Amino acid sequence: MNVETVSTAPIEGQKPGTSGLRKKTAVFMKPGYLENYVQAVIEGVGGVEGRTLVVGGDGRFFNDKAIAVILRMLAANGAARAIVGQNGMLSTPAASNLIRKRGAFGGIVLSASHNPGGPEGDFGLKFNIANGGPAPEAITDAIFARTRALTEYRILTEEAPPLSSLGETRLGGMIVEIVDPVKDYVALMETLVDFERIRRLFASGFSLRFDAMHAVTGPYAKAILEGALGAPAGTVVNASPLPDFGGHHPDPNPVHAADLFRLMFSPEAPDMGAASDGDGDRNIVLGRGISVSPSDSLAVLAANIHLAKGYGEGLKGIARSMPTSRAADRVAQKLGVDLFETPTGWKFFGNLLDAGRATICGEESAGTGSDHVREKDGLWAVLLWLDIVAARGQSIAEIVTEHWRTYGRDYYTRHDYEGISTAAGDELMADLRASLETLPGRTFAGLRVSVADDFAYEDPTDGSVTRRQGVRVLFENGARAVFRLSGTGTEGATLRVYLETFEPDPSKHARDPQEVLAGVIAAADAIAGIRQRTGRTAPDVVT
Ligand code: G6P
Ligand code: ZN
């Protein structure tokens, strides 16, 4: 085997964000950019000699070429085995499952999630550890430190094998094992939800549209929904993965999955609508005339999960990210289980899941998952909803409104201001932080502030502390506004403003969240000066 040691110098800005390193594809394709980062990952995680790694991605433009480089570098750095999804495809949850199932040291997952793909789009690389979850901060910090000290990288001169045929080949001293990306995942799902019951649901005429958005979940959804569960052909739309996702953002929100949302609010709506994102970890669920907010979805799934095959023993605990609404807290309280509030980013759930302290986790950003893997899992959430619908014999709308009747409704919305200047974003947050002490007792747009802080999280399993995770403002009427900058963008800054208020009275549960929250929205703007500082009169995306 011929290992080439290439001298290099540190490249600025290779700092992993909420979910690994995300950059414009063109940046990742610059000579040495990917190589430098991969070498930093290899060294940052303590080397790969003799180790097994899972490698795969969401199939976006540059996925296959990047995998070829990664394989040559893993081999050159002494890895024993690389388990690779056929044609380089692995959804994020399927990669997490494979790492766990095969006892791998970790995995390299290539994706920029819901961001667009293509030469002008985005690319990303994330390292997942042996539990199948995204590397925690200590490791991403070590990777970043290596990017700043790198002098050389190691790569095999041989070409990597084609990724199209299943089975084992050799690359230098490393075995490359190409696996079916779908098979193990289907087997896992079968242990968690009742396939037989969902099959009967479809056989009785229940209709679903699953929009795979030309991203990685297409083959998974086809195999499970139309294959194993017998849903009619055509249930899964946009099912073939494309390197540029057909030119769209593979993000299941009202803007980018507009067709699905339109259909679900039209007379032709099927019983259920659902979509996932680029790498298959996000989900949105809709019923006829209703879109389930991700925060409500977490609460409803938590309240009903005991009905599903794999969760008969109920929940150990529930975890949600801080900006996610407090709907899940009410379920935890009723069930008498712990509720954990973590910073944004799935990696913060890993320790809680490993320690058996939480069973289900969720985020407002269309993420739901459980202890079956260490990533959020889009298709799993859809299957769990189907199983609950089948078990309860009710429509999605009935299940959700009944949930609100029982627990009250947490009206919720998120307003995103995308692509604002980094300076404007930083300044807005810095000024907010500086004003925290003076906010309590003051009134903004008619709402009096009771508490204001900058969220910090102490991990109850290892005591690690993560600070500056978003500004929370609580009002005396119980409403809440949260401000933070996105950690997944690739251009400028994105300001996210999360707004919520609680309504216990069932006669007031059928209102439009934007209307109900108008006062909180106005107060948030008055506190942070959003319009004035960003020059925007309205958010770019409302979820
Ligand atoms: C990714 C992460 C999530 C996170 C989301 C939004 O999908 O996996 O855990 O909630 O990004 O992050 P952001 O920093 O953009 O708000
Ligand atoms: Zn994703």
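Helices (H or I, at least four residues) and strands (E, at least two) are DSSP runs that are numbered from the N terminus, and in these terms isoleucine 284 belongs to strand S13, which covers residues 283-287. The structure is a predicted model, in which local features need pLDDT of at least 70 and side-chain atom pairs count only at pLDDT 80 or more, while totals for chains, interfaces and linings use all residues. Residues are numbered from 1 along each chain as its sequence is written, and chains are lettered from A and ligands numbered from 1 in the order in which they are written.

A residue is called buried if 20 or more other C-beta atoms lie within 10 Å of its own, exposed if 12 or fewer do, and partly exposed in between, with the C-beta atoms placed from the backbone. Isoleucine 284 counts as buried because it has 28 C-beta neighbours inside 10 Å. Its strand, S13, is part of an open sheet of 5 strands in the order S11-S10-S12-S13-S14, with mixed pairing, where two strands pair if DSSP finds at least two bridges between them. The edges of this sheet are S11 and strand S14 (290-292), each of which pairs on one side only. S10 and S11 run parallel to each other over 2 bridges, and phenylalanine 210 has valine 236 in S11 as its bridge partner.

The loop between strand S10 (208-211) and helix H8 (217-228) holds methionine 213, and histidine 214 is found in the loop between S10 and H8 as well. The phi angle of methionine 213 is near 55 degrees, a positive value in a residue other than glycine, and histidine 214 likewise has a positive phi, of about 55 degrees, although it is not a glycine. Methionine 213 counts as buried because 31 C-beta neighbours lie inside 10 Å, and histidine 214 counts as buried with 23 C-beta neighbours inside 10 Å. Proline 243, by contrast, is placed in the loop between strand S11 (236-237) and helix H9 (258-264), and because it has 17 C-beta neighbours inside 10 Å it counts as partly exposed. Its C-alpha atom is separated by 21 Å from that of aspartate 259, which is 16 residues apart from proline 243 along the chain.

Glycine 317 stands opposite aspartate 338 in S16, and isoleucine 318 has leucine 339 as its bridge partner in S16. Strand S15 (residues 317-321) and S16 run parallel and are joined by 5 bridges. These strands belong to an open sheet of 4 strands, ordered S16-S15-S17-S18, with mixed pairing. Strand S16 (338-342) and strand S18 (367-370) are the edge strands, each pairing on one side only.

In a regular strand the side chains alternate between the two faces of the sheet. Both faces of S15 are covered, as Gly317, Ala319 and Ser321 on one side and Ile318 and Arg320 on the other are all buried. Because 5 of the 5 residues of S15 are buried, the strand is largely enclosed by the rest of the structure.

Strand S6 (residues 122-129) is also largely enclosed by the rest of the structure, because 7 of its 8 residues are buried. It pairs in the antiparallel sense with strand S2 (residues 21-24) over 4 bridges, and strand S5 (residues 106-110) is joined to S6 by 5 bridges, again with the strands running antiparallel. Leucine 125 in S6 stands opposite leucine 21 and is also the bridge partner of leucine 110.

In soluble globular proteins, nonpolar side chains tend to be buried together. A nonpolar core is here a set of buried Ala, Val, Leu, Ile, Met, Phe, Trp, Tyr and Cys residues joined through C-beta atoms within 7 Å. The largest such core has 132 residues, and those with the most contacts inside it are Leu53, Leu71, Leu74, Ala82 and Ala302. Helix H13 (residues 378-392) gives the most to this core, with 11 residues. Because domain 1 (3-181) and domain 2 (185-407) both give residues to this core, it lies between them; the domain bounds come from an automatic or database domain assignment.
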